[in-house]
Amino acid sequence: MAAGDRAVLQFVPSSMSLSAKIHPVVIFNICDCYVRRPDQAERVIGTLLGSISPDGTVDIRNSYAVPHNESSDQVALDIDYHHNMLLSHQKVNPKEVIVGWYSTGFGVSGGSALIHDFYSREIPNPLHLTVDTGFKNGEASIKAFVSLNLFLGDRQLAAQFQEIPLDLRMVEAERVGFDILKTTMVEKMPSDLEGMEASMERLLALIDDVYKYVDNVVEGRVPPDNNIGRFISDTVASIPKMSPAGFDKLVNDSLQDDLLLLYLSSLTRTQLSLAEKLNTAAQIL
């Protein structure tokens, strides 16, 4: 056989996605669906919604579970339910499109290729997200994959999942909830003041780490990093200049606003409970 006629075995990427960003509400939604799954279901799968930027970054903003039946050699999805849910979501957020699918569990499983093939017919180059809802050792294993096609000449033989970078960013209020979600046993949900206290303790710990890093750089124990220096400078410059009394007033005003919201929400719950009891009494009479 001539050298030019030899078949070449090669991987061809089927996705241009370089990275992905995920909003915390997607993780909360997936964990909630996993808790509410049928007793016979070992895992939950569903559709990911979001957008794709021109540079190939996938922004995952929403999700919904899709009923399925799974055995050792086949997977059956409720396609009608999937399409109906997609139409309902797009009526509310028309800019959100299918960007991939998710499954609970640690890593890629045997039936993932079959499900990925279905979503490949829905959109080109879907993303596969895996969420370990077991939170082993208090950590959540959340990974994103894209598909690589294995070709022998012009013939496709198989597909391989390749992990891509995944960015999970949260504000402090979301981080408090995420930390509780990682705990398998929780006696009670923290109040707003307890959540604020945890956030302040974390902020003080981060400030202490920055102080130690700056001292080590000044004393020559650690080589300086220009990127870290610029980030610290931008962070310090973003702090508004005010007197201690002005800062205390700002914190107190924000605290009073939070307490007012708590009072109004408690008042609303009481009013709804009273209305429900009055309605029940009227029906009895």
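1. The model is predicted, so local features are given only at pLDDT of at least 70 and side-chain atom pairs count only at pLDDT 80 or more, while totals for chains, interfaces and linings use all residues. Residues are numbered from 1 along each chain as its sequence is written, and side-chain values use heavy atoms, with hydrogens and water left out.

2. The protein chain has 7 helices and 11 strands, where helices (H or I, at least four residues) and strands (E, at least two) are DSSP runs numbered from the N terminus. Of its 285 residues, 27% are buried; buried means under 20% relative accessible area, exposed means over 50%, and partly exposed lies in between, with a 1.4 Å probe and protein chains only. The chain exposes about 19,500 Å², of which carbon and sulfur atoms supply 58%, the areas coming from the Shrake-Rupley method with a 1.4 Å probe, and for residues only the protein chains shown count as cover.

3. Among the contacts in the protein chain with a separation of 6 or more, 62% are between residues 24 or more positions apart, a contact being heavy atoms within 4.5 Å.

4. Helix α2 (residues 79–92) and helix α3 (residues 112–122) have axes that come within 13 Å and cross at roughly 45°, which makes α2 oblique to α3. Axes here are lines fitted to C-alpha atoms, for helices over the stretch in contact, and angles run from 0 to 180 degrees between N-to-C directions; angles under 35 degrees count as roughly parallel, over 145 as roughly antiparallel, 65 to 115 as roughly perpendicular, and the rest as oblique. On the α2 side the contact is made by I79, H82 and H83, and on the α3 side by F118, Y119 and E122. These residues divide into 3 nonpolar, 2 polar and 1 charged, where Ala, Val, Leu, Ile, Met, Phe, Trp, Tyr, Cys and Pro count as nonpolar, Asp, Glu, Lys and Arg as charged, and the others, Gly among them, as polar.

5. What does S103 touch, leaving aside its neighbours within four places in sequence? S103, which has its place in strand β7 (residues 97–104), is in contact with R43, V44, I45, H128, L129, T130 and V131. S103 counts as buried because its relative accessibility is 1%.

6. N125 is in the loop between α3 and β8 (127–131), and its phi is near 55°, a positive value in a residue other than glycine. Most residues other than glycine have a negative phi. With a relative accessible area of 34%, N125 is partly exposed.

7. V222, in the loop between α5 (192–218) and α6 (226–237), touches Y213, N216 and V217 when residues up to four places away in sequence are not counted. Its relative accessibility is 27%, so V222 counts as partly exposed.

8. L168, in strand β11 (residues 166–168), and P24 are 144 residues apart in sequence and 7.1 Å apart in space, C-alpha to C-alpha. Is each of the two buried or partly exposed? I164 is buried, with a relative accessible area of 7%, whereas L168 counts as partly exposed at 25% relative accessibility.
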